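Reader: Hi! Could you walk me through this one while I have it open?

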Amino acid sequence: MMDDKGFTLIEMLIVLMVISVLLIITIPNITKHSKVINEKGCDALINMVQAQVKAYEIEHETIPTITELLEEGYITTNTCPGGNVIEVGTDGSVKEGDVTEE
């Protein structure tokens, strides 16, 4: 009798099956949380842009457009993580617009 140390084919297949089941369970949860993270990121961007609109309004005594905020360096992007564009209304309110076409 030989005293071989190692794994048998059956043991390796069982380990691969367990890993596969764990992956099948976790992947849908990760994609679901990705959407929530993008929504929270967009909400944070809207709040930041709203603050920059107020800062621009204090300095220039006029409500800016999104283009003016971008050109003068108040913000670096007007696009949410999900691809939606941030818009500034005529009253200075900031909201999420439509998805950009790339």
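Reader: Which element is Asn 84 found in?
Author: Asn 84 belongs to strand 1, which covers residues 84-88. Keep in mind that this is a predicted model.

Reader: Thanks! And is Asn 84 buried or exposed?
Author: Asn 84 is buried: its relative accessible area is 17%, and the cut-off for buried is under 20%.

Reader: What does the side chain of Asn 84 make a polar contact with?
Author: With the side chain of Glu 96, at 2.3 Å.

Reader: Okay, zooming out. How many helices and strands does the chain have?
Author: There are two helices and two strands. Reading from the N terminus, the order is α-α-β-β.

Reader: Why is the chain said to be more spread out than a compact globule?
Author: Because its radius of gyration is 25 Å, whereas the globule rule gives 13 Å for 102 residues, so the computed value is well over the rule. As for the extents, the C-alpha trace spans about 90 × 25 × 25 Å along its principal axes.

Reader: What share of the residues is buried?
Author: Buried residues account for 21% of the 102 in the chain. The accessible surface comes to about 8000 Å², and carbon and sulfur atoms hold 61% of that.

Reader: New topic, charges. How many positive and negative side chains are there?
Author: The chain carries 6 positive and 17 negative side chains. The centres of those two sets are 12 Å apart.

Reader: Last one: what about contacts between residues at least 6 apart in sequence?
Author: Of those contacts, 38% join residues at least 24 apart.

Notes:
Residues are numbered from 1 along each chain as its sequence is written. This is a predicted model: local features need pLDDT of at least 70, side-chain atom pairs count only at pLDDT 80 or more; totals for chains, interfaces and linings use all residues. Side-chain values use heavy atoms; hydrogens and water are left out. Helices (H or I, at least four residues) and strands (E, at least two) are DSSP runs, numbered from the N terminus. The radius of gyration is taken over C-alpha atoms; the globule rule is 2.2 Å times the number of residues to the power 0.38. Buried means under 20% relative accessible area, exposed over 50%, partly exposed in between (1.4 Å probe, protein chains only). Contact means heavy atoms within 4.5 Å. Accessible areas come from the Shrake-Rupley method with a 1.4 Å probe; for residues, only the protein chains shown count as cover. Lys and Arg count as positive and Asp and Glu as negative; His and the chain ends are not counted. The place of a charge is taken as NZ of Lys, CZ of Arg, CG of Asp or CD of Glu. A polar contact is a pair of N or O atoms within 3.5 Å; within protein, one must be able to donate a hydrogen and the other to accept it, and residues adjacent in sequence count only if both atoms are side-chain atoms.
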